[in-house]
Amino acid sequence: MTQEHEKTRQFINRFGNQKLLFFELGVGRMAPMFIQEPFWQLTSQLPLAHYVNINPQDAMTHTQITSRSVLIDADVDQALRAVQKLKSQNPVSHQSYLKTPRVPKQEPEQQALGMLEQAPALLITAANGFSISEGFNWFASDAVFHDLLGDLVDQYGLHNMLEAVQYPYQSKVVQWRVWARIINRYSSHYHTSPLMGNLRQIIKGRPYYIWTTNPEHHFNLAGLDHVVENEANWVYGSCQTPDHPHVDLRAAARLMVGLKQERELTEADLPRCTTCGEVLTPLMFAPKPQLDSQQVAGLNKLVRAHADQPLAVLELGVGDQNPLVKKPVESLLHQFSEWNYVVLNQKPGPVPFNLQPRTAVIQGDLKTNLAQLARLMARPSKAR
């Protein structure tokens, strides 16, 4: 196969700047990623290329190359015989074989709704955009940031939450002043948000897994337990000994915040391992945060069980260059051709060309759009 791929590459390099025709004969939709989607992508990339598809049932093209596509909805042999006669006969007499390119007409919301409703299971991905919609933003220098860490902001010249948790403070006491305030505000008093409630409505009791880089632990706190936290979380802490138990840090954070921190907080107040007495570090800030093996096993089980089914990947606020979620999930979508892809983001990035026919992108406010999808899914089917 390597030699054949190399011959194909050489052929494309030789003729790619000329009028090249991609001529597709009877290629079905069982495995489009091997022939059809590469043809669409090459036609899009080569400005002088055109695409012809002859198929009695599945003559279709992609929206990006509609103007350079000819679809012939007929038996392949009959169509080829008719094409042979075109040089000597009036082309108009053969227009019965040609049809307008068949491309999706649905609005993104309706397309996403169909994908979500038919899905036997969901793989949900979430990152900073989802956290922002719940009120936490790593990168903002806003009123919330200054209200929470104001005295430390001035003392250390901090610009945002991410800088605050990564700053090399002179002692564990100062470090824990930062961690305690953040944990207490965003996790100790968490109540299920409307955003999380809408997500639960969309799941509707189906098998699911949530793959996230968000550290707040909100999915679990909202009762959604099938979660892989790719960068761990700040709710639980550990010492440096791997087999020592993890400790819930919320109670300790509440106590520390209750003290007059700048004067009264000492090392004696810091949370410690119940086994060795070492000062704890939130899991996500540990030197080598480890993925939970049970979480990963559960996710792998979901993937295997639905590899050949129309599972829906629901992406919520994941940045275009996110290496821990975005890229691995796109690899899964390339691998499993029956899966569909629903993207909700304020500013979504480009979707890989060969995933576009099974992708619905809804741009705009995440809270608004997720609420709209939840409302549509809650309505009786006849009302939609």
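In what order do the three strands of the open sheet run? The order is β9-β8-β10, with antiparallel pairing. This is a predicted model, where local features need pLDDT of at least 70, side-chain atom pairs count only at pLDDT 80 or more, and totals for chains, interfaces and linings use all residues. Residues are numbered from 1 along each chain, and side-chain values use heavy atoms, leaving out hydrogens and water.

**Sheet**
- β9 (247-248) and β10 (281-282) are the edge strands, each pairing on one side only (pairing takes at least two DSSP bridges; strands are DSSP E runs of at least two residues, helices H or I runs of at least four, numbered from the N terminus).
- Two bridges join β8 (residues 236-238) to β9, and Gly237 sits opposite Val247 in β9.

**Helix pair**
- α6 (residues 143-156) and α8 (residues 172-188) pack at about 175°, axes 11 Å apart (axes are lines fitted to C-alpha atoms over the stretch in contact, with angles from 0 to 180 degrees between N-to-C directions).
- The two helices, α6 and α8, are therefore roughly antiparallel (an angle over 145 degrees).
- Their contact (heavy atoms within 4.5 Å) includes Asp147 of α6 and Arg185 of α8.

**Salt bridges**
- The whole structure has six (a Lys or Arg side-chain nitrogen within 4 Å of an Asp or Glu carboxyl oxygen).
- Asp147 and Arg185 meet at 3.5 Å, N to O, linking parts of the chain 38 residues apart.
- Asp147 is exposed at 59%, while Arg185 is partly exposed at 38% relative accessibility (buried is under 20%, exposed over 50%, partly exposed in between, using a 1.4 Å probe and protein chains only).
- Asp77 bridges to Arg81 at 3.0 Å, both within α3 (residues 76-85).

Conventions:
Angles under 35 degrees count as roughly parallel, over 145 as roughly antiparallel, 65 to 115 as roughly perpendicular and the rest as oblique.
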